[in-house]
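Please keep the structure open while reading.

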Amino acid sequence: MSSCNYHFHILSFLPLFLLLGINNATPEPEEYKTYIVHMDHAPKPSSFLTYESWHRDTLRSMSEPVDDEAMLLYSYNHVMHGFSARLTPSQASEIKKSPAHVATHEERFGKLFTTYSPKFLGLRRSSGLWNASSYGEGVIIGLIDTGVWPESESFSEKGMSPIPSRWKGKCQNSTSSPFPCNRKLIGAQTFIKGAQAAGSKTDSDGSPRDFNGHGTHTASTAAGNHVPCASQFGYAKGTARGIAPRAHVAMYKVSSGASIAESDVLAGMDQAIADGVDIMSVSLGFDQTPYFQDVIAIASLSAIEKGIVVVCSAGNDLRPNSTHNAAPWITTVGAGTLDRSFVATVTLGNNLTFEGKSQFPEPVIIRATPLYYGKGNLNKTLCSAGAFNKSEVLGKVVVCDYDNRNRLGIVPQAAELARVEALAAILMADQTPFGFGGQIPSLVLPTSAGASFRKYAIGAGGEAEVKIMRFVLTRFGMKPAPQVADFSSKGPDPINPNILKPDIIAPGDQVLAAFPPLVPIFGTDSRYDLASDYALLSGTSMSAPHVAGVAALLKAVHPEWSPAAIRSALMTTADTIDNNGTALTNQWTGLPGTPLDFGAGHINPTKAMNPGLIYDIDRQGYVDFLCGLGYNDKEMRAILRQSQWNCSQEGTDLNYPSFVAIFSRNASSPNVKSFTRVVTNVGDDQSIYKVTTETTHGMSVRVEPATLTFTNKYQKQSFVMSVQMDGKAPPVAYGYLKWIDQKNHVVSSPLVVLNF
């Protein structure tokens, strides 16, 4: 009590000007941030000729006027109704009071999801989908990415058809150097105002030129022209070509690689819709969030409504429950491996020969060289940092045991051997970091080979030698392949586990494609920066443009198909068996995968051209789906970009080509779930399909009717599938529903059952 009085008396004797100064202290200035603002377009006064002029006036008319020239980043016309601007929190709050306001959120930042593959996918010159589609001629693929290197041979216009007359895009020139477009690369524009406003480092010339490499790689994967003798330092040497080599390419640069702003991605997708692309490929993403806050989901729904197929990467988060870009109107792509490996060989003094992985970037040959193994010293057998003196291993080939303390242990091991100038390294590990080449010639052998190596090295003592080592070798026909790439994000989807994601997998591991010649190749571990016109990259960023390319081929053959029809054809014809004749496996574990890992399976372009039946979805189908999620009016308006919509009485059973049944282990909960689907005949007029099901332990499936009879092309038929679980069902069970006709069409849909 006395303490309180004491302080009161002290203050009472302070000079008046100090008291006034305390009472009138100037508040801290508010920080400017980028906000995405959704507006209802209906209240726009007719006096404004464009939405942008209305948005600018809205900012200028605030109680604390906003400099629209400096602070308005983008005005959006297609992906959403609204704008992005630099505002203080107080200004953002004032905008929310406008009758036209729908939703506002502070901008978030995302990340990138980072030749032979057409042959691996079964694409052939003389027959099949390439032949039928004229290699995708006339189709326009738009990529939302880091830009493009226009001088790459992959973007040569040789053999290209004229630019479609419907094209409305442009080629944005650089302020410092020319940026050439042509009949292959028909457009390129830059949208990086959001990243710049946030203080991110961006390219100085502001052009669509790619100084990262990601966009050049994805664009050439989707639609690169034929380029003979392409390779990365001799690996994967051959003719590089995109999946749709006669399709046109448009690049929308939304990142320099350092950061990706939502406002920029929205602007790029908005422009792609306005320009008239047919396919949109997006190899980037943001943290998972509900659809009404997900800028890629919102923009994609607008694109789908205009007939544009949107293909997105699923993400590289490896673990279950980690898929990105999983709205049901997006084709979400995980990554698979190829049957190709990059290797080196070593023959020991006892004539035993071993083959292992290597991406050392020079075709060196090492002959008659001493082999060193640090027997009796753990640090030396593990090649730990600082373990060696240069005199011990200079000019020798050194063997390093597997260090189980660190998955990436071979990287510091190789660095230690480079430090002491060993001639080459033989490293034991069952997993190799992406792109590992080593600062010295390095060969990675499976740990199972360690015993033979140690036996020889110890037994031969000082006479142990390497007869010969060879590098820069490429092997084909590796088994098993494809596998689900270890890094690929897997389901169930964290936002909506009722929709199976990813939809499909495609090649995404060690994919060779075009690369800027001035950008160092990531992961070579060389003591110098190494560059190449073509590079091997891995990620679902690489798998998405494969599917975008196939979608372009299908669009060329079936221009009347909707985006949902194209996705259905890809999913229901996908492969679930590898080149060993067994179920697809996980690259990391070697164990059989499930549809939570690979969705419907690995893409098969030739079969997708003639799927027999399709599961189609129109806009109202997606509206009904959203109605069933419990979103309020403002949330629905944000994603639908409309103030009015109709919810069907039939509920949320989306006509999807896959099924997820979620059950509770609660004894009082239902143990049966039913699904209604409608299929459209896109095969022969006269077709009879009979159902077959494949199930695992603990589940049973019933389908009514069991036979579907079609008398006309495009005729529709419906069926109901019921899934029943028993009390001993595992947490995850899965199976397949297949419709098979007399022409051997197999229309396959995965079924996943989750017991929580």
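## First disulfide

Cys-171 is partly exposed, at 27% relative accessible area. Cys-181 is also given 27% and is partly exposed. The model is predicted. A disulfide joins Cys-171 to Cys-181, with an S to S distance of 2.1 Å. Both cysteines sit in the loop between β6 (140–145) and β7 (185–190), ten residues apart. The angle about the S-S bond is 80 degrees, and the link is right-handed.

## The other two disulfides

The structure holds three disulfides. Another one joins Cys-383 to Cys-400, S to S 2.0 Å. Cys-383 lies in the loop between α12 (378–381) and α13 (390–393), while Cys-400 belongs to strand β19 (residues 397–400), 17 residues apart. The link is left-handed, with -95 degrees about the S-S bond. Cys-383 and Cys-400 are both buried.

Cys-627 and Cys-647 form a disulfide with sulfur atoms 1.9 Å apart. Cys-627 lies in helix α20 (residues 619–627) and Cys-647 in the loop between α21 (633–640) and β27 (659–663), so this bond ties together parts 20 residues apart in sequence. Its handedness is left, at -75 degrees about the S-S bond. Cys-627 is partly exposed at 22%. Cys-647 is partly exposed at 39% relative accessibility.

In sequence order, the bonded cysteines pair 1-2, 3-4, 5-6.

## Two further cysteines

Cys-229 counts as exposed, because its relative accessibility is 61% and the cut-off for exposed is over 50%. Cys-312 has a relative accessible area of 0%. Buried means under 20%, so Cys-312 is buried.

## A four-stranded sheet

Four strands form an open sheet in the order β26-β28-β32-β30, with antiparallel pairing. Its edge strands are β26 (613–614) and β30 (699–704), each pairing on one side only. β30 pairs with β32 (residues 716–725) in the antiparallel sense, over six bridges. Val-703 has Met-721 in β32 as its bridge partner.

## Helix α16

Helix α16 (residues 540–557) has 18 residues. From first C-alpha to last it reaches 26 Å, close to the expected 26 Å. The helix is mostly covered: 16 of its 18 residues are buried.

## Nonpolar cores

The largest nonpolar core has 106 residues. Met-280, Trp-329 and Leu-626 have the most contacts inside it. Beyond four places in sequence, Leu-626 touches Tyr-291, Leu-301, Trp-329, Tyr-631, Met-636, Ile-639 and Leu-640. A second, separate core has 34 residues, including Ala-424, Phe-453, Ala-514 and Tyr-534.

Definitions and conventions. Residues are numbered from 1 along each chain as its sequence is written. This is a predicted model: local features need pLDDT of at least 70, side-chain atom pairs count only at pLDDT 80 or more; totals for chains, interfaces and linings use all residues. Side-chain values use heavy atoms; hydrogens and water are left out. Two strands pair if DSSP finds at least two bridges between them. Helices (H or I, at least four residues) and strands (E, at least two) are DSSP runs, numbered from the N terminus. The expected span of a helix is 1.5 Å times one less than its number of residues. Buried means under 20% relative accessible area, exposed over 50%, partly exposed in between (1.4 Å probe, protein chains only). A nonpolar core is a set of buried Ala, Val, Leu, Ile, Met, Phe, Trp, Tyr and Cys residues joined through side-chain atoms within 4.5 Å. Contact means heavy atoms within 4.5 Å. A disulfide is a pair of cysteine sulfur atoms within 2.5 Å.
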